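Thanks for making time this morning.

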Amino acid sequence: MDIDLLKTFVEVVRTRHFGKAAENLYITQSAVSFRIRQLEQGLGVNLFIRQRNNIQLTAPGERLLPHAKMIITGMQRAKVDVALADNMHKQISLAGTPNIWDAFLQFGITNIVSAMPGVSLVAEVKAQQESTRLLLERTLDLAILFDPPKVDELVVERICELPIIPVSGYDTATNENFFDNQYVYVDWGTTFSLWHARQFTGKTPPYFRTSTGRIALDLILQCGGSAFIPEVLVESHLEKGELFHIKDVEHTSRDIFVAYHRDNDQKELIETLINLLPKINTLHLLDES
């Protein structure tokens, strides 16, 4: 069976539109229609109920979908395995959100690579929802996240805790004025947002919001202000007197989780990587000293 036919089928299912599927696949709409007809003729069934602006899967189409995704994923993995360098025997892919990279993964990725000789590591920045989707499609081996996905097919483990502290560019900052002088709100995930809303109701709204801790850190270093930043990310700036820990403001922490598909065939490698991840902060402190 032609893999391109299955890719086209999956894209039409995702977009529910032949034209949009054609745009995403960089082919013409007539080519999409031809491929779907080829697939239907090969299988001897109709895969879609075609109505104006309303494309729905038939019962055979519903049954084909998980098989099509599995075949596509298997082909992608096969291509990657075949293309591995001669000195590499295995490949494992991991992803983290931008904040996970800023506050956690960046400090230990070189140590992880060194500790896994013969393994080709693919490390990417992915949003939470995309990581979850890729895990379910088995095109991603491991996701590192603040907010664990609640999906039966995935195994989720807590690996460590990340302290997040209130810091300011002004040594005169206190609990009373912390939010009044260029406060930068960083989205550290759902749990942090709920904690922040409970603790600081009625405070001055932030003058700047960002989903990335690195942006907030650079901003307050250059322009002044305050923010909640992971301790590991600001410790050198605290030591230099560039930032100040405002200790009378409530602080918090975030649990860091890993997630992987329970049927992943690389569990041994995944477990090795998971065992290395909690040591990242320790390795970072040793490197600093």
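Let me start with Glu11, which, leaving aside its neighbours within four places in sequence, is in contact with Ala21, Asn24 and Leu25, where contact means heavy atoms within 4.5 Å. Please keep in mind that this is a predicted model, in which local features need pLDDT of at least 70 and side-chain atom pairs count only at pLDDT 80 or more, while totals for chains, interfaces and linings use all residues. Residues are numbered from 1 along each chain as its sequence is written, and side-chain values use heavy atoms, with hydrogens and water left out.

Glu11 lies in helix α1, residues 3–15, with helices (H or I, at least four residues) and strands (E, at least two) taken as DSSP runs numbered from the N terminus. The side chains of Glu11 and Asn24 are joined by a polar contact of 2.8 Å; that term stands for a pair of N or O atoms within 3.5 Å, where, within protein, one must be able to donate a hydrogen and the other to accept it, and residues adjacent in sequence count only if both atoms are side-chain atoms. Is Glu11 buried or exposed? Glu11 is buried, because its relative accessible area is 13%, and buried here means under 20%, exposed over 50% and partly exposed in between, with a 1.4 Å probe and protein chains only.

Turning to the domains, an automatic or database assignment divides the protein chain into domain 1 (3–65), domain 2 (83–160 + 255–276) and domain 3 (162–254).

How many salt bridges does the rule find across the interface of domain 2 and domain 3? The rule, a side-chain nitrogen of Lys or Arg within 4 Å of a carboxyl oxygen of Asp or Glu, finds 1 there. Across that interface there are also 7 residue pairs in polar contact, both residues at pLDDT 80 or more.

Finally, Leu105 lies in the loop between α5 and α6 (109–115), and Leu105 counts as buried because its relative accessibility is 0%. Leu105 and Leu277 are 172 residues apart along the chain, yet their C-alpha atoms are separated by 8.1 Å.
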